[in-house]
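Open the model in your viewer and get your selection tool ready. We will go from one stop to the next, with something to pick out at each.

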Amino acid sequence: MVSPASAAKPSTPPQGSASARYIRGLRALTRSSELALVAAAALVGLVAALCVTAMTQTAIFMHKLIFDLPFDVRLSAADRVSPWAAFGALSLGGLSLGLMESWRRKREIPGPVDPIEANALRGGRMSLRDSFVVAMQTLISNSCGASVGLEAGYAQIGSGLGSYFGQKLGVRRSDLRLLVGAGAAAAIGGSFGAPLTGAFYAFEIILGAYSIAGAGPIFAASIVGVLTTHILAGAPYQISTPPIEPLTLGGYPALFGLAACAAALGIAAMRAAGLSEKALEATKLPVWARPVIGGFFVAALAVVTPQVLGAGHGALALVIATNFSLMALAAFLSLKMVACMVSLASGFRGGLFFASLFMGALLGKIYAMVLFAVLPAAVPDPTICVLAGMATLGVVIVGGPLTMSFLVLENTADFSVTAGVLAASVAASLMARRAFGYSFSTWRLHLRGENIRSANDIGWISDLTVGRLMQPDPPTVDASIELRELCALYPLGSARAIVVTDEAGRYAGLVNLAEAHVHAQNGGGKAGELARFSDSALHAAMNAKVAMAIFDKSQSDQLAVVDPLSEAPIGILSEPYLARRYAEKADAAARSALGM
């Protein structure tokens, strides 16, 4: 793996070569033509769909090979699995992932950047090599039976391809973020055979906003991804449901109650994931050993019920079609959640997109059975509860109420059901954001120290540093200089504030020049006697947001910029100028997000 910083600078052919002229021509075309950008997104969608198909077919083949499954049976729908196969596959798979992570940490290689982080902080810049590694690790995890899905790997490789092509073409920052979203849209849309689901996954999860300018590239990539996977092998994750009774207005309160249950369960799961990681870190176990132990634990659960293995595609179909008892459904839900948390906390790679759908379906069926026992007249069709449970828990864990609602629509073609699911999904989203504020993806980034709540582009804040905004080489005097001498050096109007240093050249405060002239006329003194804000200074690496907080705390309209090591002054910055540049950048980012 390589660092994101190094990957962000693709090699450029010599300026006079034919390939350089060709790339410059493509760059000019994509910058000047929206149709060219749409074509580039469609190409990204095609390649992303090829990767999705290859990953899916490889995982299915490995499941059949390792667990000796019948031809038409998915792993999580098996009646039983061999304990030897479960323990062997999960232990070896965990060992391979643990050794890879141990190798990365020993060489202090930065971790890979996921699509949300890339679009929020890095203007869409990702490493294709790192994305490929993540996709392979996800494939290994799912193939050996860990309780994670391939969707995170799909989105990673799709987004990585979009970023790679965009960087090669030298597209604008906003267009690069669009291509990252386009790759994810094609990957998710292709995996479910659902173009609207893929497109709104990109808008809500990967881009963090919907824009008219982004509609063409995103929908083009999603449609191409769906068509490609359909032609090659068919959508791997289509959801089949029995005939559904129409949803009436009387069923909406029941769905809102289900949304509250989903919000509580999803928040509990995300909290548990964070606590599990901390608990595993506290054991001081070697990094390579953690996935092995996690694999042993998941294998033990798989011996009890194979429904905990993989993402749960086969198990979801089984749950929808079979009348399990309430105790059996509760057991499936509990064991699946534990298996997911253990898999992710111990170091297996993958996501919870489909796993959240499966657990949501279990929750919906449990909710319908309990509500029928208490208020039978208030229960809508149980299949509607299953679909609403899938969507609401998916919204809490993954995010994107429209994404989950369109997934239901494209698999049922029932608008009345979709309306109820959308209402419940929005309610679940509001509850989760109010009570917790994160989805699973952003929560894991928060645990790593990144304060990201969505993929909205806030990377410009990091780029807008004090070092770029400051006035270098500020007017400086020694603290021992007489005020009359200072005033002779700097007449009124030549500067607003003078930086004062001590005898060692370290920053000692600021002197207001007008105040210095008044004191010089009234008896004099030394510059150090008028120095203020000696404990409030900026560093060149600070971003504008941090600098504004220091200005607010100091109540000064100018502050010195000092070197953090030598403490020598290297510049000066005024609050009005900082605020103006911050507002300009914020406005430009908002306009870019809206496609204006």
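**Stop one: the cores**

In this predicted model, begin with the largest nonpolar core, which has 99 residues. Select Phe67, Tyr201, Leu309, Phe353 and Leu357, the residues with the most contacts inside that core. Now colour helix α15, residues 353-374: this helix gives the core its largest share, 13 residues. Then centre on leucine 357. Setting aside neighbours within four places in sequence, leucine 357 is in contact with Phe192, Ile239, Leu316, Met390, Met404 and Leu407. For a second, separate core of 31 residues, select Ala185, Ala187, Phe406 and Leu409, which are among its members.

**Stop two: helix α7**

Next, select residues 151-169, which make up helix α7. Step on to glycine 170, which follows α7 and has a positive phi, near 65°.

**Stop three: the sheet**

Finally, show the open sheet of three strands, ordered β1-β6-β5 with antiparallel pairing. β1 (471-472) and β5 (558-562) are at the edges; each has a single partner strand, so one side of each has no neighbour in the sheet. Look between β5 and β6 (residues 569-574), where five bridges join the antiparallel strands. Here alanine 560 stands opposite isoleucine 572 in β6.

Definitions and conventions. Residues numbered from 1 in each chain as written. Predicted model: local features only at pLDDT ≥ 70, side-chain atom pairs only at ≥ 80, totals over all residues. Heavy atoms only, no water. Helix = DSSP H or I, 4+ residues; strand = E, 2+ residues; numbered from the N terminus. Expected span 1.5 Å × (residues − 1). Core = buried A, V, L, I, M, F, W, Y, C linked by side-chain atoms within 4.5 Å. Buried < 20%, exposed > 50% of the residue type's maximum accessible area, 1.4 Å probe, protein only. Contact = heavy atoms within 4.5 Å. Pairing = 2+ DSSP bridges.
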